[in-house]
Amino acid sequence: MQLKIYNSLTAEKEIFTPIHENNVGMYVCGPTVYSNVHLGNVRTFLSFDFIYRSLMHLGYKVRYVRNITDAGHLTDDGDVNNDRFVKQTRLEKLEPMEIVQKYTVDFHKVLEMFNLLPPNIEPTATGHIVEQIELTQKLIEKGFAYESNGSVYFDVLEYNKRGLNYGELSKRNIEELFANTRDLDGQGEKKNPQDFALWKKASPAHIMRWNSPWGEGFPGWHLECTAMSTKYLGDKFDIHGGGMDLKFPHHECEIAQGKACNDVEPVNYWMHANMLTMNSQRMSKSTGNYILPKQLVSGENDFFEKPFHPTIVRFCFLQAHYRSVLDISNDAMLASEKGFTRMMEAVKVLNSITPNDQKESGFNLKEWKTKAYDALTDDFNSPVLIAHLFEAVKFIFALKEEKETVSTDDLADLKSTLNALIFDVLGLQAIEENNNEKLDQTLQVLIELRNQARKSKNFELSDQIRDKLLAEGIELKDGRDGTSYVLN
(Lines give C-alpha, C1' and ligand atoms only; values in the text may rest on other atoms or scores of the structure.)
Protein backbone atom coordinates (compact mmCIF):
# COMPACT_ATOMS: atom_id res chain seq x y z
CA MET A 1 0.00 0.00 0.00
CA GLN A 2 1.28 3.44 -0.96
CA LEU A 3 0.20 6.35 1.21
CA LYS A 4 -0.85 9.40 -0.78
CA ILE A 5 -1.10 12.85 0.82
CA TYR A 6 -2.59 16.01 -0.66
CA ASN A 7 0.19 18.61 -0.51
CA SER A 8 -1.18 22.15 -0.22
CA LEU A 9 2.10 23.49 -1.60
CA THR A 10 1.79 21.68 -4.93
CA ALA A 11 -2.04 21.35 -4.84
CA GLU A 12 -1.66 17.68 -5.76
CA LYS A 13 -1.84 14.27 -4.12
CA GLU A 14 1.66 12.89 -3.78
CA ILE A 15 3.06 9.53 -2.76
CA PHE A 16 4.34 9.97 0.77
CA THR A 17 8.06 9.37 1.13
CA PRO A 18 9.40 10.20 4.60
CA ILE A 19 12.84 11.77 4.96
CA HIS A 20 13.89 8.92 7.24
CA GLU A 21 12.46 5.51 6.38
CA ASN A 22 9.50 4.48 8.56
CA ASN A 23 9.84 7.66 10.65
CA VAL A 24 7.63 10.73 10.40
CA GLY A 25 8.19 14.20 11.81
CA MET A 26 4.87 16.06 12.05
CA TYR A 27 4.27 19.58 13.35
CA VAL A 28 0.76 20.98 13.84
CA CYS A 29 0.04 24.59 14.80
CA GLY A 30 -1.62 24.48 18.20
CA PRO A 31 -4.03 26.82 20.00
CA THR A 32 -3.61 30.42 21.07
CA VAL A 33 -4.59 30.04 24.72
CA TYR A 34 -6.34 33.33 25.50
CA SER A 35 -9.91 31.91 25.46
CA ASN A 36 -11.86 28.65 25.44
CA VAL A 37 -11.06 26.32 22.56
CA HIS A 38 -13.89 26.51 20.03
CA LEU A 39 -15.53 23.74 18.02
CA GLY A 40 -13.71 24.66 14.82
CA ASN A 41 -10.39 24.20 16.63
CA VAL A 42 -11.55 20.79 17.83
CA ARG A 43 -12.34 19.80 14.23
CA THR A 44 -8.79 20.74 13.13
CA PHE A 45 -7.01 18.98 16.00
CA LEU A 46 -9.28 15.93 15.70
CA SER A 47 -8.43 15.70 11.99
CA PHE A 48 -4.72 15.58 12.77
CA ASP A 49 -5.32 13.15 15.61
CA PHE A 50 -6.90 10.82 13.04
CA ILE A 51 -3.91 11.38 10.72
CA TYR A 52 -1.50 10.71 13.61
CA ARG A 53 -3.34 7.50 14.55
CA SER A 54 -3.43 6.40 10.90
CA LEU A 55 0.30 6.92 10.42
CA MET A 56 1.09 4.84 13.50
CA HIS A 57 -1.36 2.13 12.41
CA LEU A 58 0.35 2.01 9.02
CA GLY A 59 3.64 1.24 10.76
CA TYR A 60 5.34 4.62 11.00
CA LYS A 61 7.12 5.84 14.10
CA VAL A 62 5.80 9.39 14.50
CA ARG A 63 7.21 12.34 16.39
CA TYR A 64 4.19 14.59 16.71
CA VAL A 65 4.86 18.17 17.83
CA ARG A 66 1.98 20.56 18.53
CA ASN A 67 2.76 23.96 20.03
CA ILE A 68 1.00 26.22 22.50
CA THR A 69 0.94 29.91 21.49
CA ASP A 70 1.11 31.78 24.78
CA ALA A 71 2.65 35.08 23.65
CA GLY A 72 3.05 37.35 20.67
CA HIS A 73 -0.07 36.46 18.66
CA LEU A 74 -0.33 39.73 16.74
CA THR A 75 -2.69 39.56 13.79
CA ASP A 76 -1.79 43.16 12.95
CA ASP A 77 1.92 43.99 13.10
CA GLY A 78 1.18 47.71 13.12
CA ASP A 79 -0.58 47.76 16.48
CA VAL A 80 1.22 46.30 19.50
CA ASN A 81 -1.92 46.85 21.56
CA ASN A 82 -3.70 44.27 19.40
CA ASP A 83 -2.21 41.49 21.52
CA ARG A 84 -4.92 39.01 22.45
CA PHE A 85 -3.27 38.10 25.74
CA VAL A 86 -2.99 41.73 26.85
CA LYS A 87 -6.64 42.32 25.94
CA GLN A 88 -7.78 39.27 27.90
CA THR A 89 -5.71 40.16 30.99
CA ARG A 90 -7.48 43.51 31.11
CA LEU A 91 -10.88 41.92 30.57
CA GLU A 92 -10.48 39.21 33.26
CA LYS A 93 -8.16 41.23 35.54
CA LEU A 94 -5.62 38.38 35.62
CA GLU A 95 -1.90 38.08 34.96
CA PRO A 96 -1.02 36.90 31.42
CA MET A 97 0.28 33.56 32.65
CA GLU A 98 -2.92 33.04 34.65
CA ILE A 99 -4.81 33.47 31.39
CA VAL A 100 -2.43 31.04 29.67
CA GLN A 101 -2.77 28.41 32.41
CA LYS A 102 -6.55 28.74 32.60
CA TYR A 103 -7.14 28.19 28.90
CA THR A 104 -4.36 25.63 28.39
CA VAL A 105 -6.05 23.46 31.03
CA ASP A 106 -9.39 23.96 29.25
CA PHE A 107 -7.80 23.00 25.92
CA HIS A 108 -6.39 19.76 27.29
CA LYS A 109 -9.65 18.82 29.02
CA VAL A 110 -11.68 19.36 25.86
CA LEU A 111 -9.33 17.34 23.64
CA GLU A 112 -9.22 14.54 26.22
CA MET A 113 -13.03 14.51 26.23
CA PHE A 114 -12.98 13.80 22.46
CA ASN A 115 -10.31 11.09 22.91
CA LEU A 116 -7.45 12.89 21.18
CA LEU A 117 -3.99 11.45 21.83
CA PRO A 118 -1.51 13.95 23.27
CA PRO A 119 1.41 14.95 21.02
CA ASN A 120 4.89 13.66 21.74
CA ILE A 121 6.12 17.21 22.39
CA GLU A 122 4.03 20.27 23.27
CA PRO A 123 6.37 23.30 23.36
CA THR A 124 5.32 26.85 24.22
CA ALA A 125 6.24 30.15 22.59
CA THR A 126 7.37 31.67 25.90
CA GLY A 127 9.60 28.65 26.52
CA HIS A 128 11.50 29.35 23.28
CA ILE A 129 12.23 33.08 23.40
CA VAL A 130 16.00 32.45 23.20
CA GLU A 131 15.60 30.36 20.02
CA GLN A 132 13.41 33.06 18.46
CA ILE A 133 15.95 35.79 19.20
CA GLU A 134 18.71 33.62 17.70
CA LEU A 135 16.68 33.06 14.53
CA THR A 136 16.02 36.79 14.24
CA GLN A 137 19.73 37.55 14.58
CA LYS A 138 20.53 34.97 11.89
CA LEU A 139 17.98 36.48 9.49
CA ILE A 140 19.47 39.96 10.05
CA GLU A 141 22.99 38.62 9.42
CA LYS A 142 21.87 36.98 6.16
CA GLY A 143 20.22 40.20 4.98
CA PHE A 144 16.63 38.94 5.15
CA ALA A 145 15.59 41.11 8.12
CA TYR A 146 16.18 44.63 9.46
CA GLU A 147 15.76 46.50 12.72
CA SER A 148 13.51 49.56 12.86
CA ASN A 149 12.77 51.57 16.01
CA GLY A 150 13.37 48.58 18.30
CA SER A 151 11.33 46.16 16.17
CA VAL A 152 12.65 43.68 13.60
CA TYR A 153 10.90 42.87 10.30
CA PHE A 154 11.35 40.21 7.65
CA ASP A 155 12.16 41.83 4.29
CA VAL A 156 9.72 40.19 1.85
CA LEU A 157 10.93 42.15 -1.19
CA GLU A 158 14.57 41.16 -0.52
CA TYR A 159 13.45 37.55 -0.17
CA ASN A 160 11.85 37.63 -3.61
CA LYS A 161 14.77 39.50 -5.17
CA ARG A 162 16.95 36.48 -4.36
CA GLY A 163 14.80 34.23 -6.53
CA LEU A 164 12.65 32.94 -3.67
CA ASN A 165 8.85 33.10 -3.80
CA TYR A 166 6.83 34.62 -0.98
CA GLY A 167 3.27 33.59 -1.80
CA GLU A 168 4.05 30.11 -3.13
CA LEU A 169 1.80 28.31 -0.64
CA SER A 170 -1.24 30.59 -0.86
CA LYS A 171 -0.66 31.15 -4.61
CA ARG A 172 -0.59 34.94 -4.15
CA ASN A 173 1.18 37.36 -6.44
CA ILE A 174 3.73 39.53 -4.60
CA GLU A 175 2.96 42.64 -6.68
CA GLU A 176 -0.75 42.26 -5.95
CA LEU A 177 0.02 41.81 -2.26
CA PHE A 178 1.91 45.11 -2.20
CA ALA A 179 -0.77 46.92 -4.22
CA ASN A 180 -3.66 45.76 -2.04
CA THR A 181 -2.09 46.36 1.39
CA ARG A 182 -3.97 48.77 3.60
CA ASP A 183 -2.22 51.56 5.47
CA LEU A 184 -1.67 50.49 9.07
CA ASP A 185 -0.63 52.40 12.18
CA GLY A 186 3.11 51.98 12.55
CA GLN A 187 3.46 51.01 8.88
CA GLY A 188 6.21 53.62 8.60
CA GLU A 189 8.58 51.29 10.47
CA LYS A 190 8.49 48.85 7.53
CA LYS A 191 10.37 49.09 4.27
CA ASN A 192 7.57 47.27 2.47
CA PRO A 193 3.86 46.87 3.34
CA GLN A 194 4.07 43.06 3.34
CA ASP A 195 7.08 42.81 5.65
CA PHE A 196 6.12 40.95 8.80
CA ALA A 197 7.30 41.27 12.39
CA LEU A 198 9.92 38.94 13.80
CA TRP A 199 10.28 40.96 17.00
CA LYS A 200 8.14 43.85 18.26
CA LYS A 201 9.18 46.66 20.55
CA ALA A 202 7.04 46.63 23.67
CA SER A 203 5.10 49.77 24.49
CA PRO A 204 5.33 51.02 28.13
CA ALA A 205 1.94 49.44 28.88
CA HIS A 206 2.74 46.06 27.28
CA ILE A 207 2.89 43.41 30.02
CA MET A 208 4.58 40.50 28.20
CA ARG A 209 8.14 41.61 27.41
CA TRP A 210 11.63 40.15 27.20
CA ASN A 211 15.13 41.59 26.81
CA SER A 212 16.68 41.36 23.36
CA PRO A 213 19.55 42.92 21.38
CA TRP A 214 16.98 45.46 20.09
CA GLY A 215 15.53 46.39 23.47
CA GLU A 216 12.58 45.07 25.44
CA GLY A 217 9.93 43.44 23.30
CA PHE A 218 8.16 40.24 22.36
CA PRO A 219 8.26 37.82 19.40
CA GLY A 220 6.13 38.05 16.28
CA TRP A 221 3.53 35.35 15.84
CA HIS A 222 5.07 33.53 12.85
CA LEU A 223 8.58 33.10 14.25
CA GLU A 224 7.64 30.79 17.13
CA CYS A 225 6.58 27.89 14.90
CA THR A 226 9.79 28.04 12.87
CA ALA A 227 11.82 28.06 16.10
CA MET A 228 9.98 25.14 17.69
CA SER A 229 9.48 22.95 14.61
CA THR A 230 13.13 23.12 13.58
CA LYS A 231 14.35 22.56 17.14
CA TYR A 232 12.44 19.30 17.56
CA LEU A 233 12.14 18.05 13.97
CA GLY A 234 15.16 19.54 12.17
CA ASP A 235 15.59 22.19 9.47
CA LYS A 236 13.56 20.00 7.09
CA PHE A 237 10.77 17.67 8.20
CA ASP A 238 7.93 15.63 6.73
CA ILE A 239 4.51 17.10 7.56
CA HIS A 240 3.28 20.49 8.72
CA GLY A 241 -0.44 20.79 9.51
CA GLY A 242 -2.96 23.34 10.63
CA GLY A 243 -6.27 24.95 9.81
CA MET A 244 -6.99 26.33 6.35
CA ASP A 245 -7.07 29.85 7.82
CA LEU A 246 -3.35 29.60 8.66
CA LYS A 247 -2.21 29.21 5.04
CA PHE A 248 -1.75 32.95 4.75
CA PRO A 249 0.00 34.66 6.29
CA HIS A 250 1.18 32.31 9.03
CA HIS A 251 2.38 29.31 7.05
CA GLU A 252 3.56 31.48 4.16
CA CYS A 253 5.78 33.32 6.63
CA GLU A 254 7.04 30.05 8.12
CA ILE A 255 8.19 28.88 4.69
CA ALA A 256 10.00 32.17 4.08
CA GLN A 257 11.70 32.09 7.49
CA GLY A 258 12.78 28.47 7.09
CA LYS A 259 14.18 28.89 3.58
CA ALA A 260 15.92 32.17 4.42
CA CYS A 261 17.49 30.80 7.61
CA ASN A 262 18.50 27.32 6.52
CA ASP A 263 18.65 27.44 2.70
CA VAL A 264 16.26 24.50 2.46
CA GLU A 265 12.53 23.93 1.90
CA PRO A 266 11.44 23.43 5.54
CA VAL A 267 8.52 21.02 4.95
CA ASN A 268 7.86 18.28 2.40
CA TYR A 269 4.06 18.03 2.82
CA TRP A 270 1.78 20.88 3.89
CA MET A 271 -1.64 19.70 5.11
CA HIS A 272 -4.64 21.90 5.91
CA ALA A 273 -7.95 20.98 7.56
CA ASN A 274 -11.01 22.83 6.32
CA MET A 275 -13.51 24.87 8.30
CA LEU A 276 -16.55 23.90 10.34
CA THR A 277 -19.99 25.43 9.79
CA MET A 278 -23.21 25.03 11.76
CA ASN A 279 -26.62 24.91 10.12
CA SER A 280 -24.94 25.84 6.81
CA GLN A 281 -23.62 29.10 8.23
CA ARG A 282 -20.19 30.18 9.39
CA MET A 283 -19.78 29.87 13.15
CA SER A 284 -19.38 33.32 14.66
CA LYS A 285 -19.90 34.89 18.08
CA SER A 286 -21.05 38.14 16.45
CA THR A 287 -23.95 36.45 14.62
CA GLY A 288 -24.90 34.18 17.52
CA ASN A 289 -24.34 31.07 15.36
CA TYR A 290 -21.81 29.76 17.85
CA ILE A 291 -21.43 26.92 20.32
CA LEU A 292 -18.63 25.69 22.57
CA PRO A 293 -17.63 22.00 22.55
CA LYS A 294 -18.84 21.45 26.12
CA GLN A 295 -22.23 22.99 25.28
CA LEU A 296 -22.72 20.50 22.46
CA VAL A 297 -21.89 17.62 24.80
CA SER A 298 -23.95 18.89 27.76
CA GLY A 299 -26.98 19.93 25.72
CA GLU A 300 -26.86 23.46 27.19
CA ASN A 301 -27.53 25.28 23.92
CA ASP A 302 -30.35 26.45 21.66
CA PHE A 303 -29.25 24.62 18.51
CA PHE A 304 -29.49 20.91 19.35
CA GLU A 305 -32.45 19.06 20.84
CA LYS A 306 -30.37 16.89 23.19
CA PRO A 307 -26.84 16.30 24.51
CA PHE A 308 -24.48 14.26 22.33
CA HIS A 309 -21.73 12.03 23.69
CA PRO A 310 -18.21 13.23 22.69
CA THR A 311 -17.52 10.04 20.71
CA ILE A 312 -20.66 10.66 18.62
CA VAL A 313 -19.40 14.17 17.89
CA ARG A 314 -16.07 12.65 16.89
CA PHE A 315 -17.86 10.14 14.64
CA CYS A 316 -19.82 12.98 13.01
CA PHE A 317 -16.64 14.97 12.35
CA LEU A 318 -14.90 11.98 10.75
CA GLN A 319 -17.75 11.47 8.30
CA ALA A 320 -16.39 14.43 6.35
CA HIS A 321 -12.93 14.42 4.76
CA TYR A 322 -10.49 16.67 6.60
CA ARG A 323 -10.11 18.88 3.48
CA SER A 324 -13.87 19.33 3.09
CA VAL A 325 -16.08 21.88 4.81
CA LEU A 326 -18.00 20.10 7.58
CA ASP A 327 -21.49 21.30 8.47
CA ILE A 328 -23.06 20.18 11.73
CA SER A 329 -26.75 20.41 12.53
CA ASN A 330 -29.27 18.72 14.78
CA ASP A 331 -30.24 16.30 11.98
CA ALA A 332 -26.59 15.52 11.23
CA MET A 333 -25.88 14.74 14.88
CA LEU A 334 -28.97 12.52 15.20
CA ALA A 335 -27.97 10.62 12.06
CA SER A 336 -24.44 10.20 13.42
CA GLU A 337 -25.82 8.89 16.71
CA LYS A 338 -27.96 6.36 14.87
CA GLY A 339 -25.05 5.20 12.69
CA PHE A 340 -22.66 5.01 15.64
CA THR A 341 -25.15 2.96 17.69
CA ARG A 342 -25.56 0.47 14.84
CA MET A 343 -21.79 0.15 14.44
CA MET A 344 -21.27 -0.47 18.17
CA GLU A 345 -24.09 -3.03 18.17
CA ALA A 346 -22.34 -4.84 15.31
CA VAL A 347 -19.10 -4.96 17.32
CA LYS A 348 -21.01 -6.61 20.20
CA VAL A 349 -22.74 -9.06 17.84
CA LEU A 350 -19.43 -10.00 16.23
CA ASN A 351 -18.05 -11.13 19.58
CA SER A 352 -20.95 -13.57 19.97
CA ILE A 353 -20.70 -15.09 16.46
CA THR A 354 -19.64 -18.73 16.18
CA PRO A 355 -17.66 -19.56 13.03
CA ASN A 356 -18.94 -22.12 10.54
CA ASP A 357 -17.06 -25.20 9.46
CA GLN A 358 -17.09 -24.10 5.84
CA LYS A 359 -13.70 -23.18 4.41
CA GLU A 360 -15.13 -20.16 2.60
CA SER A 361 -17.05 -17.17 3.95
CA GLY A 362 -19.97 -15.43 2.37
CA PHE A 363 -17.97 -12.20 2.56
CA ASN A 364 -14.83 -11.44 0.56
CA LEU A 365 -12.73 -10.30 3.52
CA LYS A 366 -9.55 -9.77 1.51
CA GLU A 367 -11.31 -7.50 -0.98
CA TRP A 368 -13.01 -5.57 1.83
CA LYS A 369 -9.74 -4.99 3.68
CA THR A 370 -8.11 -3.78 0.48
CA LYS A 371 -10.90 -1.24 -0.04
CA ALA A 372 -10.75 -0.08 3.58
CA TYR A 373 -6.99 0.45 3.49
CA ASP A 374 -7.17 2.05 0.05
CA ALA A 375 -9.44 4.68 1.63
CA LEU A 376 -7.11 5.14 4.60
CA THR A 377 -4.04 5.58 2.39
CA ASP A 378 -5.83 7.85 -0.08
CA ASP A 379 -5.13 11.09 1.81
CA PHE A 380 -6.74 9.70 4.98
CA ASN A 381 -10.24 9.46 3.50
CA SER A 382 -12.26 8.86 6.66
CA PRO A 383 -15.78 9.06 5.10
CA VAL A 384 -14.98 6.38 2.52
CA LEU A 385 -13.33 4.25 5.22
CA ILE A 386 -16.48 4.56 7.36
CA ALA A 387 -18.65 3.57 4.38
CA HIS A 388 -16.59 0.38 4.02
CA LEU A 389 -16.92 -0.29 7.74
CA PHE A 390 -20.68 -0.28 7.31
CA GLU A 391 -20.33 -2.94 4.61
CA ALA A 392 -18.82 -5.14 7.31
CA VAL A 393 -21.61 -4.09 9.73
CA LYS A 394 -24.22 -5.27 7.21
CA PHE A 395 -22.42 -8.63 6.90
CA ILE A 396 -22.27 -9.02 10.70
CA PHE A 397 -26.03 -8.61 11.09
CA ALA A 398 -26.52 -11.08 8.23
CA LEU A 399 -24.38 -13.54 10.23
CA LYS A 400 -26.54 -12.95 13.29
CA GLU A 401 -29.65 -13.81 11.26
CA GLU A 402 -27.81 -16.87 9.85
CA LYS A 403 -28.16 -15.54 6.31
CA GLU A 404 -24.37 -15.62 5.85
CA THR A 405 -21.48 -17.86 6.90
CA VAL A 406 -17.94 -17.13 8.05
CA SER A 407 -14.86 -19.30 8.47
CA THR A 408 -12.81 -19.46 11.67
CA ASP A 409 -9.84 -17.61 10.14
CA ASP A 410 -11.98 -14.93 8.53
CA LEU A 411 -13.91 -14.34 11.75
CA ALA A 412 -10.69 -13.76 13.72
CA ASP A 413 -9.32 -11.48 10.98
CA LEU A 414 -12.56 -9.50 10.76
CA LYS A 415 -12.66 -8.97 14.53
CA SER A 416 -9.04 -7.83 14.61
CA THR A 417 -9.35 -5.49 11.62
CA LEU A 418 -12.67 -3.99 12.65
CA ASN A 419 -11.51 -3.28 16.19
CA ALA A 420 -8.25 -1.73 14.97
CA LEU A 421 -9.98 0.57 12.46
CA ILE A 422 -12.86 1.62 14.73
CA PHE A 423 -11.05 2.08 18.03
CA ASP A 424 -7.37 2.62 17.21
CA VAL A 425 -7.57 4.53 13.92
CA LEU A 426 -10.88 6.38 14.11
CA GLY A 427 -10.42 6.75 17.86
CA LEU A 428 -14.05 5.96 18.68
CA GLN A 429 -15.06 4.67 22.12
CA ALA A 430 -17.86 2.40 23.24
CA ILE A 431 -20.41 4.31 25.31
CA GLU A 432 -20.92 2.70 28.69
CA GLU A 433 -24.48 2.58 29.96
CA ASN A 434 -25.12 5.35 32.43
CA ASN A 435 -26.36 3.69 35.62
CA ASN A 436 -27.67 7.04 36.87
CA GLU A 437 -29.95 7.29 33.85
CA LYS A 438 -31.26 3.77 34.48
CA LEU A 439 -31.83 4.59 38.15
CA ASP A 440 -33.70 7.76 37.24
CA GLN A 441 -35.92 5.89 34.77
CA THR A 442 -36.70 3.20 37.38
CA LEU A 443 -37.51 5.76 40.06
CA GLN A 444 -39.80 7.68 37.69
CA VAL A 445 -41.75 4.45 37.14
CA LEU A 446 -42.08 3.92 40.94
CA ILE A 447 -43.11 7.55 41.46
CA GLU A 448 -45.79 7.16 38.79
CA LEU A 449 -47.06 3.94 40.46
CA ARG A 450 -47.18 5.74 43.82
CA ASN A 451 -49.09 8.65 42.28
CA GLN A 452 -51.62 6.24 40.81
CA ALA A 453 -51.98 4.53 44.22
CA ARG A 454 -52.62 7.88 45.92
CA LYS A 455 -55.13 8.85 43.23
CA SER A 456 -56.96 5.56 43.87
CA LYS A 457 -56.79 6.28 47.62
CA ASN A 458 -54.60 3.18 48.11
CA PHE A 459 -52.54 4.93 50.76
CA GLU A 460 -51.14 1.67 52.13
CA LEU A 461 -49.38 0.94 48.81
CA SER A 462 -48.38 4.58 48.43
CA ASP A 463 -46.73 4.66 51.86
CA GLN A 464 -45.13 1.25 51.29
CA ILE A 465 -43.39 2.51 48.11
CA ARG A 466 -42.22 5.66 49.93
CA ASP A 467 -40.96 3.79 53.02
CA LYS A 468 -39.16 1.04 51.09
CA LEU A 469 -37.34 3.64 48.96
CA LEU A 470 -36.42 5.60 52.09
CA ALA A 471 -34.97 2.43 53.64
CA GLU A 472 -32.72 2.20 50.57
CA GLY A 473 -31.57 5.82 50.99
CA ILE A 474 -33.94 7.39 48.46
CA GLU A 475 -36.20 10.09 49.87
CA LEU A 476 -39.32 11.15 47.94
CA LYS A 477 -40.35 14.80 48.19
CA ASP A 478 -43.85 15.92 47.21
CA GLY A 479 -44.14 19.50 46.01
CA ARG A 480 -46.28 21.85 43.97
CA ASP A 481 -44.51 20.76 40.75
CA GLY A 482 -44.81 17.05 41.46
CA THR A 483 -42.70 14.44 43.23
CA SER A 484 -38.90 14.50 43.15
CA TYR A 485 -36.30 12.36 44.92
CA VAL A 486 -33.08 12.87 46.85
CA LEU A 487 -30.33 10.27 47.29
CA ASN A 488 -29.25 10.22 50.95
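## A helix pair to start with

Does Asp-463 count as buried, exposed or partly exposed, and what is its relative accessibility? In this predicted model, Asp-463 comes out as partly exposed, at 31% relative accessibility. Its salt-bridge partner is Arg-466, with 3.6 Å from N to O. Arg-466 is partly exposed too, with a relative accessible area of 33%.

Where do these two sit? Both belong to helix H16, which covers residues 459-471. They are 3 residues apart there, so about one helical turn separates them.

Let's zoom out: the structure holds 23 salt bridges. One of them joins Glu-122 to Arg-66, and their closest N and O atoms are 3.2 Å apart. Glu-122 is in the loop between helix H3 (96-113) and helix H4 (129-141), while Arg-66 belongs to strand S4 (residues 61-66), so this pair ties together parts that lie 56 residues apart in sequence. Now look at how open each partner is. Glu-122 is partly exposed, with a relative accessible area of 27%, whereas Arg-66 counts as buried at 3%. The cut-off for buried is under 20%, which is why Arg-66 gets that label.

Next up is Lys-102, which forms a salt bridge with Glu-92; here the closest N and O atoms are 2.7 Å apart.

## A hairpin

Now for some strands. S14 (residues 474-479) and S15 (residues 482-487) run antiparallel and pair over 6 bridges. Together they make a hairpin, with 2 residues between the strands. To find your way around, look for Gly-479, which stands opposite Gly-482 in S15.

## A three-stranded sheet

There is also an open sheet of 3 strands, in the order S12-S11-S13, with mixed pairing. Strands S12 (281-282) and S13 (326-328) stand at its edges with a single partner strand each, so one side of each has no neighbour in the sheet.

S11 (residues 276-278) and S12 are antiparallel, joined by 2 bridges. Met-278 has Gln-281 in S12 as its bridge partner.

Note on methods. Residues are numbered from 1 along each chain as its sequence is written. This is a predicted model: local features need pLDDT of at least 70, side-chain atom pairs count only at pLDDT 80 or more; totals for chains, interfaces and linings use all residues. Side-chain values use heavy atoms; hydrogens and water are left out. Two strands pair if DSSP finds at least two bridges between them. Helices (H or I, at least four residues) and strands (E, at least two) are DSSP runs, numbered from the N terminus. A salt bridge is a side-chain nitrogen of Lys or Arg within 4 Å of a carboxyl oxygen of Asp or Glu. Buried means under 20% relative accessible area, exposed over 50%, partly exposed in between (1.4 Å probe, protein chains only).
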